[in-house]
Amino acid sequence: MPHKFVVEGGARLQGSVRVSGSKNAALPMMAAALLAKGPTILRNVPDLSDVRLMAEILETLGADVTLFAEPGVVVIDVVDEAPIHAPYELVSEMRASFCVLGPLLARRGEAHVSQPGGCTLGERPVDLHIKGIQAIGCEVDFVRGDVIAKGRPTGGRVYLGGPMGPSVTGTANVLCASVMSSGVTIIDQAACEPEISNLVEMLNSMGAKIRGGGTSRLVIEGVDELRPANIAVIPDRIEAGTLMIASAITRGDVTLEQCDPDVMLALFDKFTEMRVPFERLDATTVRINCPNRAKAADLATLPYPGFPTDLQSPLMALLCVSEGYALVEEKIYPERFMHVPEYRRLGADIRKQFNTAIVTGVDRVYGAPVAATDLRAGAGLILMGLAAEGTTDVMKIQHVDRGYDRLEDKLTSLGANIKRVEFFPRRRASDRNSKRARAA
Ligand code: EPU
């Protein structure tokens, strides 16, 4: 039965909350476990439907996966290294499953991975992944919708810059593909995201020789063999940012624990411009105490360390009720504005053209039924619901469950009024008619 969130607006969030592990670090790290036979132990893994789906994919690829026998712990025991096929049924459910391509190729010499299609964020090609894998000496073919990569990587020079900047999962794939190559690989225009640094840390702990993690040039000296890892996933900077914005949008006073403020400077810079007060209490704790209405500030999304596209819709929610107007430019996914019509349903004033939106802050937004079109749009709608007068029903929350670990529990612990409610979708007349026709 589907669920929706019912959000009663108006509560001022207060208290402390612990940030979970990063989805976008955990998923490629789970895939990287395929690089070594035996049990890899990942700690601080968030409990998400995407993590459970990645576990299912790894099981079809010969791993025994134990999820959360202890909180945050996932054990991936690679027992059978023969399977090489990640099928369409699974890959089409989640783009990040394409991250098994590099590890399978490196360890098993061949990988057949279904080519991901487009999604609500736009076209999302994988040409950079393919180009990188070819540049380190492997053959790539396309057969019936599968990407087929073959050969022993020899190493080489790889340039991963695309029209929208470097690719994050493309970097993960080429990195994993090259760790056991016969030579040296140099990746230029590699993604600098902290999630890639976490992956580099994992691979080096397995015996890989990678220099330059966190920079745009990665130098990888191939090794013969890797051992399983035991490593913690970094805190989720996008979840942390969402909760910080939740504090600001409700004029609350929220302390985030176990986050990494050092990787959130672009958001803090925006908070300074928007007059949202924040305080770093220690290396892993940040307090957002925002009694006043925020001021609007322009925003452009960029690759790390720029402002993350994954926080564009949550920050836009705050801009919708801030004082003044702001220009929002989406430079990573030009079409990532599916939340705009839904925000408008709640009374937001947004004009949009191509990859730009102009948001004029309004005094009030009002509750209404809305639907999440993707994970971060869903988070933004919950934030809008917290700020709105009345009740906001957020439908299609399976998107939110993909990437936020018990978001409603965290918000409830801070005083939000948000409930997960089962609902019965209305049957369409066409369904009723076809049932009658079948009965006749
Ligand atoms: N691109 C290409 N060619 C490629 C790959 C990407 O042109 O071969 C383009 C994309 O179309 C996009 C840009 O490059 O315009 C960046 O895409 P990237 O490949 O970096 O995205 P990704 O690796 O598929 C990850 C996150 C996304 C996040 C983006 C950008 C994971 C599992 N996913 O996706 O997270 O938005 O980086 O930071 O790490 C989310 O968590 O909600 C989410 C969508």
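1. Phe268 is buried in this predicted model, with a relative accessible area of 4%. The value falls in the buried class because that class covers residues under 20%. Phe271 is likewise buried, at 0%, whereas Phe278 has a relative accessibility of 29% and counts as partly exposed.

2. These three residues, Phe268, Phe271 and Phe278, form one aromatic cluster. The structure holds two aromatic pairs. Phe268 and Phe278 make a stacked pair, with 4.7 Å from centre to centre and 15 degrees between the planes. Phe268 belongs to helix α9 and Phe278 to strand β18, so this pair ties together parts that are 10 residues apart in sequence. Phe271 and Phe278 make a tilted pair, with ring centres 6.4 Å apart and planes at 45 degrees.

3. Strand β18 belongs to an open sheet of four strands, ordered β2-β17-β19-β18, in which the pairing is mixed. Strands β2 (14-18) and β18 (278-282) stand at the edges; each has a single partner strand, so one side of each lacks a neighbour in the sheet. From one strand to the next, the twist averages 20 degrees.

4. In general, strands of a sheet pair through backbone hydrogen bonds, either parallel or antiparallel. Here, β18 pairs with β19 (residues 285-289) in the antiparallel sense, over four bridges. Arg280 has Val286 of β19 as its bridge partner.

Terms used. Residues are numbered from 1 along each chain as its sequence is written. This is a predicted model: local features need pLDDT of at least 70, side-chain atom pairs count only at pLDDT 80 or more; totals for chains, interfaces and linings use all residues. Side-chain values use heavy atoms; hydrogens and water are left out. Two strands pair if DSSP finds at least two bridges between them. Helices (H or I, at least four residues) and strands (E, at least two) are DSSP runs, numbered from the N terminus. Axes are lines fitted to C-alpha atoms, for helices over the stretch in contact, and angles run from 0 to 180 degrees between N-to-C directions. Rings of Phe, Tyr and Trp (its six-membered ring) pair if their centres lie within 6.5 Å; planes under 30 degrees apart count as stacked, over 60 as edge-to-face and the rest as tilted. Buried means under 20% relative accessible area, exposed over 50%, partly exposed in between (1.4 Å probe, protein chains only).
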